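The sequence and the model are shown first.

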Amino acid sequence: MVLITDVALVFLMSIFELWIGIPLGLFLNLNPILVAISAAAGSILSAFIIVILGDGLRKKFLKWRYRGKSPNEGRIYDIWKKYGIVGLGLLSPLLFGAPLGAALGIGLGSPRNKLLVWMIIGIIIWSIFITVALTLGLILL
């Protein structure tokens with residue numbers, strides 16, 4: 001029997017990180033499909049909130065951080081130029097989480113709609129992949 005509180009817990013933990021929500025859902029013996037969906041939904045919500053709220057914060061941060069200098073310099077910007085929104089959207093849910101990836105994208109000046117689309121695609125892909133990998137790993141044990 002699926003408890004709504006277990007699904008809600010997976011959703012809430014995934015707001016912070018997929019790597020917390022998915023293993024938790026599998027540990028609670030939830031259906032892997034339900035785990036993937038609730039984890040993806042939580043992670044998408046966090047990316048959405050960061051992108052919506054982040055634009056105003058970006059302007060304040062740039063004014064504070066780059067007094068007289070260009071924000072288009074440095075190692076992070078070089079990586080950004082090479083991989084862009086697509087790379088960030090696809091890799092950030094796995095590497096450092098959707099909230100941080102969304103914040104980084106906004107900080108680097110990504111258009112909000114494009115950033116959200118690629119973040120959602122990346123979140124869905126990694127939610128499915130992590131859930132399948134962990135489920136198969138548990139079955140093999």
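1. Ile-139 has a relative accessible area of 64% in this predicted model. Because the threshold for an exposed residue is over 50%, Ile-139 is classed as exposed. The residue lies in helix 6, which covers residues 112–140.

2. Ile-20 belongs to helix 2, formed by residues 18–27. Its relative accessibility is 39%. Since buried requires under 20% and exposed requires over 50%, Ile-20 is assigned to the partly exposed class. Between the C-alpha atoms of Ile-20 and Val-10 the distance is 8.0 Å, and these two residues are 10 residues apart along the chain.

3. The packing of helix 2 against helix 6 deserves a separate point. Their axes are 10 Å apart and meet at an angle of about 40 degrees. Angles under 35 degrees would count as roughly parallel, and those from 65 to 115 as roughly perpendicular; helix 2 and helix 6 are therefore oblique to each other. The crossing of helix 2 with helix 6 is right-handed.

4. As to the overall fold, the protein chain contains six helices and zero strands. Along the sequence, the order of elements reads α-α-α-α-α-α. Of the 141 residues in the protein chain, 36% are buried.

Definitions and conventions. Residues are numbered from 1 along each chain as its sequence is written. This is a predicted model: local features need pLDDT of at least 70, side-chain atom pairs count only at pLDDT 80 or more; totals for chains, interfaces and linings use all residues. Side-chain values use heavy atoms; hydrogens and water are left out. Helices (H or I, at least four residues) and strands (E, at least two) are DSSP runs, numbered from the N terminus. Buried means under 20% relative accessible area, exposed over 50%, partly exposed in between (1.4 Å probe, protein chains only). Axes are lines fitted to C-alpha atoms, for helices over the stretch in contact, and angles run from 0 to 180 degrees between N-to-C directions. Angles under 35 degrees count as roughly parallel, over 145 as roughly antiparallel, 65 to 115 as roughly perpendicular and the rest as oblique. A crossing is left-handed if the near helix is turned anticlockwise from the far one by less than a right angle, and right-handed if clockwise.
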